[in-house]
Amino acid sequence: MTALTPDSARKFILDNTALMAPPHVPEIRLHLADEAHELWRRTEDELTEIGLPPPFWAFAWAGGQGLARYILDNPAAVRGKRVLDFASGSGLVAIAAVKAGAAEVIAADIDPFCATAIRLNAEANGTEIEFLAGDPIGSDAGWDVVLAGDVFYDKSFADGLMPWFVALKARGANILVGDPGRSYLPRAGLEPLAVYDVAVTRALEDAEVKRTTVWRLA
């Protein structure tokens, strides 16, 4: 097995995904794994050999689909604004923000392979997105809006997120979260904006539909 590098990521993504529209956001096409469980299992098995983190970018997760749907249906939330799509994955939410008229969209993720996945997905939708490699938690580049889909799946990660979100909110940023009931979603400080029933992959989510809420940090 040949070790993957960012340079070879493009071929791997094209070989292991198909260009398709997420069920809840038909306006957008992404390079997604059409055999979700097989790619996930294979990646887990071969992680050491190929050096690929779990490919979150290969799936349209429920929180991201709900958040992208909200942005497309409520473009005023991002129109003309500087937007950070945090933990961007495939770039779905970032692409929705561009389509909704954001002035600038930055997609941030710690997985370096997301840079290639997001670039390919942006090109497929005729959009341009800047990629920020690494973890922006604790930083503030003056974003007007921070979008975050499916980020409350890990306790330590969630515990670090909320103080950052609160600080950004305090200086005037709008924080929007898409979440289908992940375990560590805060029970206070969020107000619901919309609820969607989002079709998902049973192999990954143990369900065919996840009720997903878009929240705003109050």
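Close-up 1. Packing here is contact, with heavy atoms within 4.5 Å. The buried set consists of A158, L161, M162, W164, F165 and L168. Buried means under 20% relative accessible area, exposed over 50%, and partly exposed in between (1.4 Å probe, protein chains only). Helices (H or I, at least four residues) and strands (E, at least two) are DSSP runs numbered from the N terminus. As a predicted model, it needs pLDDT of at least 70 for local features and 80 or more for side-chain atom pairs, while totals for chains, interfaces and linings use all residues. Numbering starts from 1 along each chain as its sequence is written, and side-chain values use heavy atoms, leaving out hydrogens and water.

**Close-up 2. Length and end of helix 7.** Helix 7 covers residues 155-170, 16 residues in total. G172 follows helix 7 and has a positive phi, near 120°.

**Close-up 3. Aromatic pairs around F157.** The whole structure holds nine aromatic pairs. Rings of Phe, Tyr and Trp (its six-membered ring) pair if their centres lie within 6.5 Å; planes under 30 degrees apart are stacked, over 60 edge-to-face, and the rest tilted. F86 and F157 are stacked, because their ring centres are 5.9 Å apart and their planes lie at 20°. F86 belongs to strand 3 and F157 to helix 7, so this pair ties together parts 71 residues apart in sequence. F86 is buried, at 3% relative accessibility. F157 is partly exposed, at 22%. F157 also pairs with Y153: this pair is tilted, with 5.8 Å centre to centre and 40° between the planes. Y153 is partly exposed, at 48%. Ring pairs link F56, F59, W61, F86, W143, Y153, F157, W164 and F165 into a cluster.

**Close-up 4. Helix 4 beside helix 5.** The axes of helix 4 (residues 62-73) and helix 5 (residues 92-99) come within 9 Å and cross at roughly 0°. The two helices are therefore roughly parallel, a term for angles under 35 degrees. Axes are lines fitted to C-alpha atoms over the stretch in contact, with angles from 0 to 180 degrees between N-to-C directions. From helix 4, G64, Q65, L67, A68, I71 and L72 meet L92, V93, A96, A97 and K99 of helix 5. These contact residues divide into eight nonpolar, two polar and one charged. Ala, Val, Leu, Ile, Met, Phe, Trp, Tyr, Cys and Pro count as nonpolar, Asp, Glu, Lys and Arg as charged, and the others, Gly among them, as polar.

Technical notes
The expected span of a helix is 1.5 Å times one less than its number of residues. Angles under 35 degrees count as roughly parallel, over 145 as roughly antiparallel, 65 to 115 as roughly perpendicular and the rest as oblique.
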